Amino acid sequence: MDHALGEGAVEDALGGILARLRAEEGLLRRVLEAAPSALGPATAVLATYNRCPFDPEGPMGGDNPLGWALESLRAQAGDAVAEIVVVDDGSSDHTGAVLARYERLTGGVPVRAVRLEGNRGSAAARTAGAAAARCRWLLYADDDCVMPPLWAAGASTTLAAARRRDARAAGLMTPVYYRALVPAETAPAATVGRLDVERARISTRFHCWPDSHLPPRRLPGAGGLLEPLRVELIGGMLLLDKQALTDAGGWADQSAWATSYADQMTLSSDLTGAGHTLYFTPDPRLGSPHLKFGAVGRYPAGERDRPVPGCGRLLGELVDICAVPRTGTGCRTSPEVFFEEEVGALFAFFASRSSRGARAWATRTYAEFVEQGVVHSRMVSTVPAPGERRALWRRGLARGAAAAGEAAWRTVREATAAVGEEPISPVNRA
């Protein structure tokens with residue numbers, strides 16, 4: 001990227017790239033459909049919890065996010081998806097009735113439901129989905145995303161190309177756009193999918209266009225698909241080798257945290273620790289709008305009048321349904337619980353791997369969240385008052401240390417002393 005380009009020039013360049021890639025989508029589809037799946041068949045795995053508020057037989061039966069996700073998976077181009085496994089993580093809404101309808105369907109990609117007793121969390125549900133899968137390759141997807149028609153076949157072709165050059169390549173993350181259909185901003189490639197345990201640095205940026213692809217870099221002989229980036233961090237929209245998941249010890253138990261905030265971080269670290277490598281494709285034709293069901297959030301309001309690929313409905317219609325605040329669905333919680341768990345779950349993650357990283361996380365969140373009121377997640381729309389932020393930080397550290405073990409309490413003592421806070425102990429956690 002020419003860093004002398006002004007912001008307007010970068011926006012113009014990105015707009016031109018996206019228009020060109022969209023114009024090439026028909027050709028790419030023909031290429032992907034003409035050849036068998038590059039890696040062989042995959043099982044699409046959806047973990048779901050209370051994403052069907054409407055009776056499927058009622059007038060709003062078509063407004064359930066789980067239904068949108070399933071329709072888009074059944075409409076995938078080519079033969080990359082052999083089956084869809086949906087793990088119902090103890091839902092109490094209309095999820096059972098919706099799944100029963102899809103299980104009865106004949107023709108097309110079959111849907112199988114696995115029902116868990118009680119709400120055990122997304123890691124347990126994803127583990128159950130992997131166990132039920134009949135294919136080696138797992139296509140994990142979020143149950144409030146809509147997957148574009150080329151998602152599965154394009155991911156398979158991209159990861160297969162990465163594996164020809166890197167035999168350790170085991171997972172590919174695809175783009176996620178928060179209530180949007182294309183990337184609206186660029187980011188340095190060095191900040192996309194990054195996880196530095198020792199410095200407690202986390203950077204997803206899976207909704208951004210990496211500056212390394214201005215102009216776009218293409219895979220040779222893959223119908224114009226884009227080159228993937230090597231990353232250390234993946235998220236929920238993931239093509240993964242089941243054997244690599246086994247090597248990494250599976251999805252770690254995160255049932256202590258309602259938000260499941262550290263699920264993907266833990267898996268990413270475990271996969272790389274087991275010797276596997278991870279990739280991210282920035283190709284927007286494989287990008288999914290993440291509708292964030294149940295969250296008001298702070299998201300862009302553009303593209304409302306564009307139809308959502310894989311669904312056909314206008315983006316604005318889906319956003320309006322999803323932007324109603326709800327708890328008890330997916331991993332949604334109250335803002336207070338969210339902030340406490342963001343501090344605590346990630347402290348527990350870092351403490352299990354590096355005391356230095358845990359200390360860095362504790363002191364940085366104090367400076368950013370407690371003192372400055374900085375909130376990085378767009379999912380929450382309000383920022384607590386300073387006194388409440390301090391209490392949330394302290395409760396989060398206490399919960400994180402309790403989850404991580406005795407050695408983590410020493411790190412908590414060091415962190416509180418470093419920021420001038422009173423000590424937190426297993427007895428005095430407030």
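Predicted model: local features only at pLDDT ≥ 70, side-chain atom pairs only at ≥ 80, totals over all residues.

1. You will find Asp283 in the loop between β13 (277-280) and β14 (288-290). Its side chain makes a polar contact of 2.9 Å with the side chain of Arg285. Leaving aside neighbours within four places in sequence, Asp283 is also in contact with Pro175, Tyr177, Gly224, Leu225 and Leu226.

2. For a contrast, please go to Gly221, in the loop between β10 (209-210) and β11 (229-231). With a relative accessible area of 85%, Gly221 is exposed. Arg194 sits 27 residues away from Gly221 along the chain, and 28 Å separate their C-alpha atoms. The loop between β10 and β11 also holds Pro215, which is joined to Leu214 by a cis peptide bond with omega of about 0 degrees.

3. Next comes strand β1 (residues 42-48). Seven of its seven residues are buried, so the strand is largely enclosed by the rest of the structure. Ala42, Ala44, Leu46 and Thr48 point one way, while Thr43, Val45 and Ala47 point the other way. In general, side chains in a regular strand alternate between the two faces of the sheet.

4. Which strands pair with β1? One is β2 (residues 81-88), which runs parallel to β1 and is joined to it by seven bridges; here Thr43 stands opposite Glu83. To get from β1 to β2 the chain passes through helix α3 (residues 65-74), and this β-α-β crossover is right-handed. Another partner is β4 (residues 137-141), also parallel to β1, with five bridges. In β4, Trp137 is the bridge partner of Ala42.

5. The largest nonpolar core has 70 residues, and Ile84 and Tyr140 have the most contacts inside it. Helix α6 (residues 151-165) gives this core its largest share, eight residues. Setting aside residues up to four places away in sequence, Ile84 touches Ala44, Leu70, Leu73, Arg74, Val109, Pro110, Val111 and Arg112. Another core, of 38 residues, lies apart from the largest one and has Tyr366, Val375, Val380 and Leu397 among its members.

6. Finally, please check two backbone details. Arg205 is not a glycine, yet has a positive phi of about 60 degrees; it lies in the loop between β9 (201-203) and β10. Lys292, in the loop between β14 and α9 (315-322), likewise has a positive phi, near 55 degrees, and is a residue other than glycine. Arg205 is partly exposed, with a relative accessible area of 33%, whereas Lys292 is buried at 13%.

Terms used
Residues numbered from 1 in each chain as written. Heavy atoms only, no water. Buried < 20%, exposed > 50% of the residue type's maximum accessible area, 1.4 Å probe, protein only. Helix = DSSP H or I, 4+ residues; strand = E, 2+ residues; numbered from the N terminus. Pairing = 2+ DSSP bridges. Right-handed = clockwise from strand over helix to strand, strands pointing away. Core = buried A, V, L, I, M, F, W, Y, C linked by side-chain atoms within 4.5 Å. Contact = heavy atoms within 4.5 Å. Polar contact = N/O pair within 3.5 Å; in protein donor to acceptor, adjacent residues only side chain to side chain.
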